[in-house]
Amino acid sequence: MQKQRDMWLFVLSCVLLAACGQEPQPQRDAGPSDFQKQLQTQLITAQPGDVITIPAGVHQINRGLSLNVSGVTIRGEGMDKSILSFKGQVQGAEGLLVSASDFTIEDLAIEDTAGDGLKVNEGRNIVIRRVRTEWTNGPDEKNGAYGIYPVQTENVLLEECVAIAASDAGIYVGQSRNVVVRNNRAERNVAGIEIENTFHADVYGNVANENTGGILVFNMPDLPQPGHSTRVFQNTVVGNNTDNFGAEGTPVASVPAGSGIVINSNDKVEIFDNDIADNDTANIIISSYFATGFQGSREMAPNYDPYPETIYVYGNRFSGGGSSPDGLDLKALKIAMFGLTGNLPDVLWDGYVNADKVGSDGVLLPEYAICIDNGDAQVLNADLENGSDNIVVGAAQHRCRHEKLPAITLAAPLG
C-alpha cells in the first residue's frame with residue numbers, strides 16, 4: 001500500500017508541476033512520423049482549391065517535399081508555431097519545391113534544409129506570406145543556398161517573411177517579373193534580399209541587418225532574361241557586416257562584408273527613402289560585372305549588358321558606413337584618401353562605363369547616367385577601368401535626375 005501511495009503522490013506532483021510550469025512549447029517529434037507520410041500524401045493527391053494545414057509543433061521531415069498542382073494553399077498556425085524541421089534530411093535538393101501557379105503558403109517555418117528552404121519554380125500568382133526559413137546553427141558555408149526562392153515566376157507577393165543564415169540569399173527572386181517584396185526581415189545571410197535578372201520589382205518596408213550585403217539588385221550574364229526596373233525604398237539597411245560565408249566561386253562570394261545596398265550590372269534602379277547606416281564597406285555600392293572577380297567563369301548571353309546604367313539614388317537617410325571596408329585594396333584606398341579614422345563615402349562606384357554610351361566629355365549620356373540627388377552624400381568613382389588612375393570623390397558630376405519608375409501593381413486575384 002505504501003508503494004501505491006508513493007506512486008500516486010509522484011504522479012500528482014508531476015501533474016501539478018506541469019500545470020504550474022511555463023507555457024507549453026512546440027514538441028519535437030522523435031523522428032519521421034505519421035505526419036510526414038500524411039503531408040506527403042496530401043501534397044501528392046492535392047486538387048485545385050485544397051488547403052493543406054500544418055498544425056502547431058515541430059515536425060521532423062527527412063525527405064524533400066514537392067507540390068505540382070496549381071490552386072493550392074499551404075497554411076500553418078504561425079512561423080514560430082508550425083515548424084517543418086529538415087535537420088535529418090537524407091533526400092531532396094530543397095525542403096519544399098513547388099512547380100505550380102495560384103499558390104499561397106503562409107504562417108509556417110522551414111528549418112535546416114540540406115539545400116534551399118522553399119523554392120517556387122515557374123509559377124504565376126504566387127503569395128509567400130509570414131514564412132520563416134532558418135538554419136538554426138547560424139552562418140555556415142554548409143547551409144543551404146537560398147531561404148525563400150521564387151524563380152521564373154510572375155505576379156509574386158512576398159511579405160512579412162523572415163530569412164536567416166542562408167549561404168547565398170535569404171530572400172531571392174530570380175528571372176521573374178512583376179514582383180513585390182515587402183515588410184520582410186533578412187538577417188545573417190550572405191545576401192539578405194536579392195533581386196536577380198528580374199524586371200518590374202518593388203522592394204520596400206524590409207529590414208536587412210547583419211548580412212554580408214543587405215539588399216542586392218544583380219544581373220547575371222548567362223541567363224536568358226535580363227533584369228531592369230527595380231525600386232528599393234522605405235527599407236532599413238543597417239549593420240550588414242557579417243563575414244562572407246558564401247561558397248567559393250558563387251557570385252555572392254564576391255560581395256564585400258559591410259555592403260548595404262549593391263547594384264551590379266542592372267539598369268533602371270531607384271533607391272530612395274531608405275534608412276541606410278553602419279555598413280562598414282559602403283552604404284551603397286554600384287558596380288559592373290567586370291568588378292566582381294568572377295568574370296570569365298560564365299558565358300555571356302547575347303543581350304547581356306554588364307554595366308549599371310540609369311541609376312537614381314535620392315532622398316535616403318545615411319549615417320555611419322565606410323569605416324572598415326572589406327579587402328586589402330579598399331582598406332588601402334580608405335587610408336590613402338581619408339586617413340585611419342576616415343570613412344569611404346556613402347556611394348562607392350567602380351567607374352566602369354560602356355564607351356558607346358558616353359558623350360564627347362567622356363561622361364555617360366544623360367539617359368544612362370548614375371544620378372545621386374541625395375543631400376550631401378558623396379560618390380567615390382574608383383576608376384577601376386583605368387587601373388584607378390583617376391579616382392574622383394564628389395557629387396557634382398552625379399547631380400542629375402531620371403524619370404521615376406511606376407509602382408508595381410499585382411494582377412488579381414492573389415491569395
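**Notebook: salt bridges and the chain around them**

R185 is partly exposed at a relative accessible area of 34%, while E187 is buried at 15%. My cut-offs were under 20% relative accessible area for buried, over 50% for exposed and partly exposed in between, with a 1.4 Å probe and protein chains only.

A note on the ground rules before going on. The model is predicted, so local features need pLDDT of at least 70 and side-chain atom pairs count only at pLDDT 80 or more, whereas totals for chains, interfaces and linings use all residues. Residues are numbered from 1 along each chain as its sequence is written, and side-chain values use heavy atoms, leaving out hydrogens and water.

**More pairs**

How many salt bridges does a search of the whole structure find? I got 17. As a reminder to myself, side chains of opposite charge can pair when their charged atoms come close.

Next I looked at R129 and E159, whose side chains meet in a salt bridge at 2.7 Å, N to O. This pair links distant parts of the chain, with R129 in strand 9 (residues 124-134) and E159 in strand 11, 30 residues apart. I found both R129 and E159 buried. I also noted that R129 and E159 belong to a network of salt bridges, linked there with R75, E106 and R182.

Then I went to K357 and D305, where the side chains meet in a salt bridge at 3.6 Å, N to O. K357 sits in the loop between strand 28 (347-349) and strand 29 (370-373), and D305 in the loop between strand 25 (282-287) and strand 26 (309-314), so the pair ties together parts that are 52 residues apart in sequence. K357 is buried, with a relative accessible area of 18%, and D305 is buried too, at 16%.

**Around strand 11**

Is N155 buried or exposed? I count N155 as buried, at 2% relative accessibility.

E160 is in the loop between strand 11 and strand 12 (162-164). The phi of E160 is near 60°, again positive in a residue other than glycine. At 34% relative accessibility, E160 counts as partly exposed.

**The whole chain**

I finished by zooming out. The secondary structure comes to 3 helices and 31 strands, taken as DSSP runs numbered from the N terminus (helices H or I, at least four residues; strands E, at least two). The C-alpha atoms fill a box of roughly 100 × 50 × 35 Å along the principal axes.

Buried residues make up 54% of the 415 residues. Of the contacts with a separation of 6 or more, 65% come from residues 24 or more positions apart, a contact being heavy atoms within 4.5 Å.

Last, I looked up the charges: the mean positions of the 28 positive and 52 negative ones are 9 Å apart. Here Lys and Arg count as positive and Asp and Glu as negative, with His and the chain ends not counted.

Notes: The place of a charge is taken as NZ of Lys, CZ of Arg, CG of Asp or CD of Glu. A salt bridge is a side-chain nitrogen of Lys or Arg within 4 Å of a carboxyl oxygen of Asp or Glu.
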